[in-house]
Amino acid sequence: MPSFQVIEGSSTEWNKFLKNSLRYDFYHTQFYHSLENDGVPTMLVATITENFIALPLIIRTNEGSEYRDATSVYGYCGPISNLSFEIIDTELMNYFKDQLRDYFKENNIISVFSRLHPLLDQTNVFEGFGELVDLNKTVSIDLTIPADEQRRVFRKSLKSELNQLRRFGFTVEKAKDKQEIDVFIDIYLSTMDKLGASEGYYFSREYFHSFLENKDFESKLLLAKLEGEIVAGAIFTVVGKIMQYHLAGTKQEFARQAPMKLILDEARLLGNSLNLQYLHLGGGVGGEDNDSLFRFKSGFSKDFYQFTIWKWIIDAEKYNELIKRRSLENSKSDFFPLYRISKG
């Protein structure tokens with residue numbers, strides 16, 4: 001018999017569906033959603049017999065309005081299922097969409113947005129249902145091939161730079177205590193300052209410690225050192241066969257040497273030793289042609305994946321009403337939902 005569940009907060013049902021999913025990532029976990037402070041973590045699950053599609057979201061209120069909206073966590077999320085999305089039958093797919101539509105309308109949710117996971121082939125779930133928008137490409141290293149073959153496709157200059165870093169005495173090791181974690185946090189925050197990062201890239205110290213200590217997924221902090229001094233660091237997660245490059249920072253005085261390259265090289269060797277399939281480095285910040293971050297990552301691999309977002313205006317009248325309230329009718333921005341764009 002078909003059923004539809006709305007799982008909120010800390011319900012144990014959330015992790016039950018995760019564990020029964022064919023593939024998922026740390027972005028889908030209840031813990032990661034609990035780090036959001038701008039809404040209610042909610043998993044919407046449509047089930048027919050033993051098969052299901054589940055969509056984790058953050059349900060948000062709009063200040064000064066009775067209307068709500070739904071968004072996804074920072075990173076790569078989207079739906080999960082116990083089946084491959086390529087073979088989900090039409091009945092379950094249609095039931096999932098019908099139940100979502102009814103839930104959004106009944107709960108005054110006027111728009112929904114989700115960043116899809118480049119490695120999970122989720123786009124067919126939303127075909128003809130809202131709007132799919134392809135953004136930038138992401139970079140992943142294939143960990144199923146031998147380490148020396150992975151290195152063979154590195155950009156030539158990258159191979160030379162990695163050799164130089166090792167020759168100069170840079171090393172990489174896992175963080176061993178709270179003190180080292182705190183040093184990394186300081187480096188990360190100063191890196192964000194240097195980059196002029198938006199508010200969404202800043203996290204509290206408690207965030208970092210709870211992230212590294214959580215029980216829902218494995219996380220590792222790798223640190224680059226020179227003569228015992230921590231000069232750079234990056235957090236990696238491991239879920240199933242996927243290793244993700246999450247948050248990273250480098251001391252400004254070592255930026256020219258770019259020890260992060262050595263951290264990524266050691267991370268992929270670690271991934272090999274763990275018999276993983278992907279080290280997903282993520283994407284850049286814009287179009288690949290003029291994106292230094294994408295160029296940095298693509299020096300390690302030419303395995304590119306499409307990053308796509310899903311957005312849907314459920315009630316156009318109410319959506320446009322909020323835009324008018326904020327005097328944004330003539331805005332040319334692609335920000336979604338438009339009524340949440342910062343005016344300053």
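Which residues is phenylalanine 217 in contact with, leaving aside its neighbours within four places in sequence? Select Phe26, Thr29, Phe31, Phe211, Thr237, Val238 and Val239; contact means heavy atoms within 4.5 Å.

Before moving on, note that this is a predicted model, with local features needing pLDDT of at least 70, side-chain atom pairs counting only at pLDDT 80 or more, and totals for chains, interfaces and linings using all residues. Residues are numbered from 1 along each chain as its sequence is written, and side-chain values use heavy atoms, without hydrogens and water.

Stay on phenylalanine 217. It sits in the loop between H7 and strand S9 (218-226); helices (H or I, at least four residues) and strands (E, at least two) are DSSP runs, numbered from the N terminus.

Next, select tyrosine 207 and phenylalanine 211. Both are buried. They lie four residues apart in helix H7 (residues 205-213), about one helical turn.

Now go to threonine 49, in the loop between strand S2 (40-48) and strand S3 (51-61). Its phi is positive, about 50°, although it is not a glycine. At 54% relative accessibility, it is exposed.

Finish at proline 337, in the segment after helix H10 (316-325). The peptide bond from phenylalanine 336 to proline 337 is cis, with omega near -5°.

How values were computed. Buried means under 20% relative accessible area, exposed over 50%, partly exposed in between (1.4 Å probe, protein chains only).
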